[in-house]
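Visitor: Please show me the model first. I will then ask about its parts one at a time.

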Amino acid sequence: MRKLRNFVIAMILIVSTVNAGSASGVEHSLFVHVVGEKLIDLHLTDINGKVRLYLADEKGNIFHQEKFKAKEEMKIKLDLTHVTDGAYTLVIRDAAKQQSVPVTISSEEVKVEMSKLSKTYFPKVKVDQELMTIKLLSNENNDLHVKIYTTEGTLLYDEKIEGALGMIGKQFKSFTGKSA
């Protein structure tokens with residue numbers, strides 16, 4: 001049973017990405033203020049548990065990284081004076097979601113494109129005998145894409161839920177990709 005559960009968890013990919021710039025009335029949980037040359041103040045809300053913050057380039061190389069524990073809200077000063085000029089992505093990840101925002105660093109300024117802030121919510125998965133339950137919390141009224149893949153990358157299930165808001169749940173029997 002444990003082997004089956006691990007296999008099922010390994011084959012699941014659910015992604016709900018919200019583009020904060022395209023939705024009106026979306027509440028941000030990441031606030032960025034550029035203080036000076038390569039200095040940024042971050043104000044994080046709606047964040048819990050172990051948090052990983054990192055700055056990565058377009059190839060995925062990490063140039064700055066911090067790990068900490070947070071409860072609901074946190075303020076961080078980020079010193080990027082050691083980071084070379086270029087285009088980066090600032091990523092803040094906790095147990096429930098990942099937030100990403102493009103950042104451009106130059107000798108003159110740091111530019112943060114909050115209009116391109118995106119959030120990815122992570123699912124909770126439970127396997128009981130032949131029944132798999134997937135739950136996902138969606139804080140915004142946006143489309144949700146549910147996709148389930150095998151470990152080989154074969155798509156088993158694909159559904160778009162329009163206007164997903166609140167707790168979304170799906171159950172599957174026998175892992176055939178058919179809803180219960």
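Guide: Two strands pair if DSSP finds at least two bridges between them. Helices (H or I, at least four residues) and strands (E, at least two) are DSSP runs, numbered from the N terminus. The model is predicted: local features need pLDDT of at least 70, side-chain atom pairs count only at pLDDT 80 or more, and totals for chains, interfaces and linings use all residues. Residues are numbered from 1 along each chain as its sequence is written, and side-chain values use heavy atoms, with hydrogens and water left out.

Visitor: Among the elements, which strand has the highest mean pLDDT?
Guide: pLDDT is the predictor's confidence in each residue, from 0 to 100. Its mean over the protein is 76, and 79% of the residues reach 70 or more. Residues 1-27 stay under 50. Among the elements, strand S1 (residues 12-19) has the lowest mean, 40, whereas the highest, 94, belongs to strand S5 (residues 86-93).

Visitor: Over how many bridges do S2 and S3 pair?
Guide: The hairpin of S2 and S3 has 2 residues between the strands, and Lys 38 takes a positive phi near 60° there. Val 34 stands opposite Ile 40 in S3. The two strands run in the antiparallel sense, and the count of their bridges is 6.

Visitor: In S4, which residue is the bridge partner of Gly 49?
Guide: S3 and S4 pair in the antiparallel sense over 17 bridges. They form a hairpin with 4 residues between them, and Gly 60 in the turn has a positive phi of about 90°. The partner of Gly 49 in S4 is Ala 70.

Visitor: Is Gln 98 buried or exposed?
Guide: Gln 98 is in strand S6. Buried means under 20% relative accessible area, exposed over 50%, and partly exposed in between (1.4 Å probe, protein chains only). Because its relative accessible area is 16%, Gln 98 is buried.

Visitor: In S8, which residue is the bridge partner of Gln 98?
Guide: Strand S6 (residues 97-105) and S8 pair in the antiparallel sense over 4 bridges. Both faces of S8 (residues 118-121) are covered, with Ser 118 and Thr 120 buried on one side and Lys 119 and Tyr 121 buried on the other. In a regular strand the side chains alternate between the two faces of the sheet. The partner of Gln 98 in S8 is Thr 120.

Visitor: Gln 98 has a polar contact of 3.0 Å with the side chain of which residue?
Guide: A polar contact is a pair of N or O atoms within 3.5 Å; within protein, one must be able to donate a hydrogen and the other to accept it, and residues adjacent in sequence count only if both atoms are side-chain atoms. The side chain of Gln 98 has such a contact, of 3.0 Å, with that of Arg 93.

Visitor: How many Å apart are Ser 29 and Asp 46 in space, C-alpha to C-alpha?
Guide: Ser 29 is found in the loop between S1 and S2, and it is buried because its relative accessible area is 2%. Contact means heavy atoms within 4.5 Å. Leaving aside neighbours within four places in sequence, Ser 29 is in contact with residues including His 43, Asp 46 and Lys 119. Ser 29 and Asp 46 are 17 residues apart in sequence, and their C-alpha separation is 5.9 Å.

Visitor: A polar contact of 2.6 Å joins the side chain of Glu 73 to that of which residue?
Guide: Glu 73 is found in strand S4 and is partly exposed, with a relative accessible area of 47%. Leaving aside neighbours within four places in sequence, its contacts include Leu 44, Thr 45 and Ile 47. The polar contact of 2.6 Å joins its side chain to that of His 43.
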